[in-house]
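Reader: Hey, I'm new to this one. Could you walk me through it?
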Amino acid sequence: MSTYRSGFKSMLGLMASALLAGCIGNDDCGDPAERPWCDTTMTPQERTTLLLDEMTLDEKLSLMAGDNLISALTGLPAAGVSDGIPRLGLNPVYYSDGPLGVREGRATAHASPLAIASSFNPDLAREVGKAIGNEVKNKGNDVAHAPTLDVVRIYTSGRVFETFGEDPYLVSQMGLQWMQGLESEGVIANAKHFGVYTQEGLIGVPYLPLSGVIGSRFLYNAVIDERAMREIYLSPFEVLVKQGGLDSIMCSYNYVNDESACGSKRLLHDILRDEWGFEGYVLTDYVFAQKDTVDAANSGNDLEMPIGIFYTESKLKGALEENGVTEQTIDQRVGNVLRTLFDHGVIDRKNYPANEEAIDIEAHALVAQSTAEQGSVLLKNDNLLPVDLGKITSLAIIGDSSDRFINGGGSSMVMPYELLTPRTVITERAEAAGVTVYYHDGGDLAAAAETASSADIALVFAATSSSEGQDRTCHRLTCLEEKIVGRDPEGLINAVAAVNSNTTVILETGSAVLTPWRHDVAALLQAWFPGQYGGPALANIIFGDVNPSGKLPLTFPESAGDTLYANNFSRFPGNFKKGPKGSLFEVEYDEGVMVGYRWFDDQDIPVAYPFGFGLSYTSFSYSDLTISGSLPNLNISVKITNTGDRTGSETAQLYVGLPNPSDSERQPPRQLKSFDKVTLAPGQSATAEFSLDTRSLSYWNEASENWQMAKGCYRLFVGAHSRDLAMQASLPFDGGTCE
Ligand code: BGC
């Protein structure tokens, strides 16, 4: 096992592990004769009503806040704990992070969710969710603070690596399956962060979840129109609530339209409960998300985590006496938590015992490996990959990121059970084939170039650091963050590419980065943060055992000046402006729905690598677009043929150009609405199938406050990525015309 860098949170976790084992509640609900709410034949709501009748006010208030601050840092005995009430048969509830694996001692460190999204394989998302759910449970937890459903707006934001990318449809599809996989293990998904949480802030403290100072996540107010909010940022949550029965949501640190997200009646009550029919409970992000007692209680914020700051007994009692919080409201808050716990069987069982032996560590490691394989994206290949070990005599591995655990900082940082680095596995395989392997850590550019110059092929590994709590300071590989620790991945690529024309770059980054050096290298593979088995996964791709099939869930811009927030302080990180409820920075989302590739397409800006793009070792052709049904219910299919000489997988993508409802309500030129992945042997063909319905063809009409299809021409585009859409059709709707 190789060594790896560990984060402060996780280090504390390991140190505390021995001390904190075994804090579990050993009772199930109890005898219905004595505790009528324990009768499982009643509905969760009936049981909740009976239990609330029995509870004292103090008992109710005690359930409105978590009870362990230290655990939030250590991850032990869980990320969060809400104590139970033994008198009533209520055990503690244990909460765990997160989207890349369990932050609690050692665990399987999965690849970044960006890799899951890149696979465009919802079945894989389900498998990862299930593997993580199994560890969440076998480490004794009931709820997981995951998946992350935030839609990427700012490429330099510190938590992009935790997300499924920049398209709300892709985020929804991956999030839904991930959640269902997790919940199939008997734990509750707590999707986060609701809502419009898109930045950490600049000048922060990496690895500790303290926030950037300028545009801080705790203090920014998202000024956003209803349409952009609905269509882009809230829609993944809506899909999980409506299609997945999501029962737990984490509200975010920021403010939205002058209300704190955790104190917004508009978000937590009107939209989430009244409109979407959410029946679960809302808990706050940790420590600084809740900003007050009264607004939070009255708007629908059920549980303050990880401890009560505003939901303390004294503040809640004060609010009850003086400030218009009623006992009925308290009952609603507590009732939402209890009903969900009844519904998911939590109250009817003992706490899950911490039982690491029950975890199939090797099987989960293979899921992690498979994600890194399916989620790596081949961005360039001038006939260099895959490397045939029989045809070379030497290979240089350059860059210490080939030999470290590359991960993101903050609450989603996982301490891997086992680490197989790319350097270890590639060296083993190459040497077994009689190939000489050279290595240089890249610390001295000239010496690294010297090492690379004599090898047949140079593999340069370049990583960036990303962390909760601070946004990156630039879009390049080498920003202030790298300079501070003496790393210069971009300089390294240039130095090696100058002396070796067979240079392959393997990027381990937590987001899209600028790639000005791409013209000088022969091949480029984006591996994101590839997880604990990134080594075997990348070796399999480089040596051709696995044919890459990942496609980008984010646009790679040509230059930082092309982004929607370039030279626009009001869009990011926001202008200093005090809001009525305590926000300090105002962030204008006045690009509306033109986020991600929608922005670049709308502005007609060339990009380095478009959304949905990814190469294979084989090639595919598209033909025979067929459309059946009539608007809005359409079934669309296209024939895909493997025209190369290797078996490979291709994700065909369907984009729709919706008609502009009016001059002031412009639509993005194209929006991803469906995708289908097929695997084909050489010469083989298959049909990729897509379907559309009213909702997928609708926009949010602000005047009538609902989803609507506009009159006009609906343009369908099918192809290999967002800028290669050769198969097209146009369909008029509601008396509109297509020219
Ligand atoms: C993060 C959440 C996380 C929580 C608990 C916060 O800092 O924003 O995503 O679930 O910590 O660790």
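Predicted model: local features only at pLDDT ≥ 70, side-chain atom pairs only at ≥ 80, totals over all residues.

Reader: Okay, ligand first. Which residues are closest to the ligand?
Author: The closest are Asp97, Arg159, His193, Asp285 and Glu468, out of 15 residues that surround the ligand.

Reader: And how far is an oxygen atom of the ligand from the side chain of Glu468?
Author: For Glu468, a side-chain N or O atom is 2.5 Å from a ligand oxygen. Arg159 also has a side-chain N or O atom 2.7 Å from an oxygen of the ligand, and for His193 that distance is 2.7 Å. As for cover, the ligand taken alone exposes 310 Å², and the protein buries 99% of that.

Reader: Switching to cysteines. How many disulfides are there?
Author: The count comes to 4 disulfides. If you number the bonded cysteines in sequence order, they pair up as 1-2, 3-4, 5-6, 7-8.

Reader: Take Cys29 and Cys38. Is their disulfide left-handed or right-handed?
Author: Left-handed, because the torsion about the S-S bond of Cys29 and Cys38 is about -75°. Their sulfur atoms are 2.0 Å apart, and both Cys29 and Cys38 are buried.

Reader: What about Cys251, which residue does it join?
Author: Cys251 is joined to Cys262, S to S 2.0 Å. This pair links distant parts of the chain: Cys251 is in strand β8, while Cys262 is in the loop between β10 and α9, 11 residues apart. The torsion here is about 110°, so the disulfide of Cys251 and Cys262 is right-handed. Both Cys251 and Cys262 are buried.

Reader: And Cys713 and Cys738, where do those two sit in the chain?
Author: Cys713 is in strand β30 and Cys738 in the segment after β31, 25 residues apart. A disulfide joins Cys713 to Cys738. Cys713 is buried, at 9% relative accessible area, but Cys738 is partly exposed, at 27%.

Reader: Why does Cys738 count as partly exposed?
Author: Because its relative accessible area is 27%, and partly exposed covers values between the 20% limit for buried and the 50% limit for exposed.

Reader: New topic: how many salt bridges does the structure hold?
Author: It holds 47 salt bridges. One of them is between the side chains of Arg695 and Glu238, at 2.8 Å, N to O. Those two are 457 residues apart: Arg695 is in the loop between β27 and β28, and Glu238 is in helix α8.

Reader: Is Glu238 buried or exposed?
Author: Glu238 counts as buried, at 4% relative accessibility. Arg695 is partly exposed, at 33%.

Reader: Who does Asp302 meet in a salt bridge?
Author: Asp302 meets Arg333, again at 2.8 Å, N to O. Asp302 lies in the loop between α10 and α11 and Arg333 in helix α12, so the pair ties together parts that are 31 residues apart in sequence. Asp302 and Arg333 are both buried.

Reader: Last stop, the surface. Which residues form the nonpolar patch?
Author: Leu480, Ile484 and Val485 form a nonpolar patch on the surface, with about 320 Å² of accessible area together. Leu480 is placed in helix α16, which covers residues 480-484. Leu480 is partly exposed, with a relative accessible area of 49%.

Conventions. Residues numbered from 1 in each chain as written. Heavy atoms only, no water. Patch = residues over 30% accessible without salt bridge, like charges linked within 9 Å, V, L, I, M, F, W, Y side chains within 5 Å. Areas by Shrake-Rupley, 256 points an atom, 1.4 Å probe, with all protein chains shown as cover. Salt bridge = Lys/Arg side-chain N within 4 Å of Asp/Glu carboxyl O. Helix = DSSP H or I, 4+ residues; strand = E, 2+ residues; numbered from the N terminus. Buried < 20%, exposed > 50% of the residue type's maximum accessible area, 1.4 Å probe, protein only. Disulfide = S-S within 2.5 Å. Near = heavy atom within 4 Å. Polar contact = N/O pair within 3.5 Å; in protein donor to acceptor, adjacent residues only side chain to side chain.
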